[in-house]
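Here is a short report on selected local features. Please keep the sequence and the 3D view open as you read.

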Amino acid sequence: MTVSMYMPKDLDQFRRPAGEEGRLLLNEMNEHHRGLSEWALSKVPRTGCRKILDIGCGGGMFISLLAHRYPDAHIEGIDISETSVAAAAEYNREIVNKGRCHISLGSVSELPFDAGTFDLVTAVETYFFWPDISNDIRKAASTVRNDGILLIVSETYPHPDFKERNEEFVRSFGLKLLENKDMAEIIEKCSMDVTVSTDEKKNWVTFVGRKRSDPAEPDRHI
């Protein structure tokens, strides 16, 4: 996670934006994370994603990128912050009004969706705030269809070139940063084949998990 130009007085705003300060931070993050988000989307298939879930949708910028990339998709967005839900709905007003997108309040730990619902589930700049990373990844992965994709994206991962900066992020923001191999192992245990991509110069990482076929769920190839 890279700190935006706007720094709220309450650093918990990064975890759960609220009020006017939260809105200002969300606006900053919408722009600040665009490059990371576009890079991350280049790692997943361009076709076949008709039902999408974005976990921790924040200010809604990533939902707009998903809507543009997958014009036939219905997108669900979920966030623990009421301010984020309102901001994301406003940012994506057009597709919300058309019924292409629905954004609601909720937690990754208690996702209100059935198993195997989505072709693509995404989580950008949020996993390190999840209450129980292993359990919450399992919850997210359970909503992915056979042969569907789980995409987890972070602007920060443990690397010696960024050690001092990342340790400051952990102290200041309460991040829980896992080694890439540990993240990949957690995702693999969710019946997924995992590809890890990094940009070492920027300290960016994506985890792309593809759900292996489960006879108990209907197949859906993307």
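Is glutamate 90 buried, partly exposed or exposed? Glutamate 90 has a relative accessibility of 42%, so it counts as partly exposed. The limits used are under 20% for buried and over 50% for exposed. Note that this is a predicted model.

## Salt bridges

Across the whole structure, a search finds 10 salt bridges. One of them joins the side chains of glutamate 90 and arginine 23, at 3.3 Å from N to O. This pair links distant parts of the chain. Glutamate 90 sits in helix α4 (residues 82-91), while arginine 23 sits in helix α1 (residues 19-32). The two residues are 67 residues apart.

Glutamate 31 pairs with arginine 34 in a salt bridge. Here the closest N and O atoms are 3.9 Å apart. Arginine 34 is partly exposed, at 23% relative accessible area. Lysine 181 forms a salt bridge with aspartate 182, with 3.3 Å between the closest N and O atoms. Lysine 181 reaches 62% relative accessibility and therefore counts as exposed. Aspartate 182, at 29%, counts as partly exposed.

## Helices α6 and α8

Two packed helices are described by the angle between their axes and the distance between the axes. For helix α6 (residues 133-142) and helix α8 (residues 180-188), the angle is about 45° and the axes lie 9 Å apart. That angle makes α6 oblique to α8. The crossing of α6 past α8 is right-handed.

Which residues make the contact? From α6 come Ile133, Ser134 and Ile137. From α8 come Met183, Ile186 and Ile187. By class, the contact of α6 with α8 has 5 nonpolar residues, 1 polar residue and no charged ones.

## Valine 196 in strand β6

Valine 196 belongs to strand β6 (residues 192-199). Its relative accessibility is 36%, so valine 196 counts as partly exposed. Setting aside residues up to four places away in sequence, valine 196 touches Asn180, Ala184, Val205, Thr206 and Phe207. Take alanine 184 from that list. Valine 196 and alanine 184 are 12 residues apart in sequence, and their C-alpha atoms are 7.3 Å apart in space.

## Threonine 117

Where does threonine 117 lie? Its place is in the loop between β3 (101-105) and β4 (118-124). Threonine 117 has 14% relative accessibility, so it counts as buried. With neighbours within four places in sequence left aside, threonine 117 is in contact with Lys51, Thr143 and Arg145.

## Positive phi in loops

Glutamate 125 is not a glycine, yet its phi is positive, at about 55°. This residue lies in the loop between β4 and α6. Why does glutamate 125 count as buried? Its relative accessibility is 11%, and buried means under 20%.

Asparagine 203 also has a positive phi, near 70°, in a residue other than glycine. Asparagine 203 lies in the loop between β6 and β7 (204-211). Its relative accessible area is 0%, so asparagine 203 is buried.

Terms used: Residues numbered from 1 in each chain as written. Predicted model: local features only at pLDDT ≥ 70, side-chain atom pairs only at ≥ 80, totals over all residues. Heavy atoms only, no water. Helix = DSSP H or I, 4+ residues; strand = E, 2+ residues; numbered from the N terminus. Buried < 20%, exposed > 50% of the residue type's maximum accessible area, 1.4 Å probe, protein only. Contact = heavy atoms within 4.5 Å. Axes fitted to C-alpha atoms, helices over the stretch in contact; angles between N-to-C directions. Parallel < 35°, antiparallel > 145°, perpendicular 65-115°, else oblique. Left-handed = near helix turned anticlockwise from the far one by under 90°. Nonpolar A, V, L, I, M, F, W, Y, C, P; charged D, E, K, R; others polar. Salt bridge = Lys/Arg side-chain N within 4 Å of Asp/Glu carboxyl O.
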